[in-house]
Structures are given as C-alpha cells and as structure tokens.
Amino acid sequence: MEYLALGKIILATPWLVYLSICDFRYHQLPNPWVYGGMLFMLSASFGIGFHYALASLITAFLSSLFLLLPFFLRAAGAGDVKMLFTAGLIAGPGNTLNLILLVSISGLVLALLMLAFRKVNTARLKHYAHCLFDFRYDLAAGRKNLPPPDTESCRIPFGIAIAAGLFLNLLIQIFFSAGRVA
C-alpha cells in the first residue's frame, strides 16, 4: 500500500506545484489542468479497482462539500472546489476528514503568513472583528470603507492550502503504511 501512496505523491507533486504557482500569481486555477488531474486520477482509481474508485469518488465528493458553502458566499472560487474534489480523488478512500483538517490548517497558516507579510488587506478582518466585539461600532459606516471583495488584495490563494494539505496527507499515508508493514 505504501507504493500506492508513493506513486500518488510522485505523480501529484508537479501538478500541485504548478497549480499553486498559478493560484499565487494569477489568482485562478486553470480548468484544463484541474480537469486533467481529475480525469487522470479517476482513470488511475478505476485501474486499481472498481471499489477503490467508488470509495475515492465518495471521498472526493465529501471533500468538495467542505468548500460548497464558501463558494456560494463568494468566499471561494469554483477552481478551489474542483481542485479539492481532485485532491479527494488523489487522497483516496477513508481520508476525507484527514484531508479537510490538513487543508484547513494549511489555509490558516497561509492566511496568517499573508497577514504577517502584509500581502492581504486587513480592512475586512478589522471590520468583522469590530462587528463581533464592539457593540458601539457603526456597521453602515464600516461597510462604506471596505474595499470591494473581488479585489486581489482581499483574496487568499486557497489552492496553495489545498496543495499543502494534500501533500501532507500523502506524506502521512506513506508514514503510516510504512510503519504498518515494518
């Protein structure tokens, strides 16, 4: 089983690096690359076996549900949802919660790093903190001073977090499968 995880990490790493670079530079994930990875992993899953492919599809579907609400609230892009679906296919069966947890932690670390290096506008964060903790805060005046949510300074390239979370998930799979065999 460690050969399967090792093969996944070898095949997925260039794909993850390319998509992370695209998301960081252009704030978009190119559809041909995302769909290409999805079709490749789906065909590889069916090559392993029908039950493995079905379980991988369930993992992918449940993983992509994680970003469905942020997508409808316009906090995540469609490319992020598709990339997380593909990451679920790559992670394989039984890794839904691990993948979601690692992607969430990676996203938090990425957001904190971007805040620390001033790569993201903090006006929305300050506004939401005032809304939560200051009952005297004027909501209407605060909304007027916010930058538009579609500006690049307000966006965090979540594809990087998905790639980091998937990479960590695959490393954990290799670590635990090697420990089980030994």
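Accessible area is computed here by the Shrake-Rupley method with a 1.4 Å probe. In this predicted model, the protein chain exposes about 10900 Å² by that method, and carbon and sulfur atoms supply 72% of the area. Buried residues account for 40% of the 182 residues in the chain.

The secondary structure consists of 9 helices and 0 strands, so that the order of elements from the N terminus reads α-α-α-α-α-α-α-α-α. Along its principal axes, the C-alpha trace spans about 60 × 35 × 25 Å. Of the contacts between residues at least 6 apart in sequence, 74% join residues at least 24 apart.

An unreviewed UniProt entry annotates residues 11–112 as "domain: Prepilin type IV endopeptidase peptidase". Over residues 11–112 the chain is 84% helix and 0% strand, with 29 Å between the end C-alpha atoms.

The largest nonpolar core contains 33 residues, among which Met83, Ile162 and Leu166 touch the most other members. At least two residues of this core come from each of α1 (2–26), α2 (31–48), α5 (78–91), α6 (96–116) and α9 (158–181). Helix α5 gives the largest share, 8 residues. Leaving aside residues up to four places away in sequence, Ile162 touches Leu67, Asp80, Met83, Leu84, Ala87 and Val103.

Charged side chains were also counted. The protein chain carries 13 positive and 7 negative side chains, and 2 Å separates the centres of the two sets.

Terms used
Residues numbered from 1 in each chain as written. Predicted model: local features only at pLDDT ≥ 70, side-chain atom pairs only at ≥ 80, totals over all residues. Heavy atoms only, no water. UniProt positions renumbered as here; feature names shortened; annotations may be inferred. Helix = DSSP H or I, 4+ residues; strand = E, 2+ residues; numbered from the N terminus. Buried < 20%, exposed > 50% of the residue type's maximum accessible area, 1.4 Å probe, protein only. Contact = heavy atoms within 4.5 Å. Lys, Arg positive; Asp, Glu negative; His and termini not counted. Charge placed at Lys NZ, Arg CZ, Asp CG, Glu CD. Core = buried A, V, L, I, M, F, W, Y, C linked by side-chain atoms within 4.5 Å.
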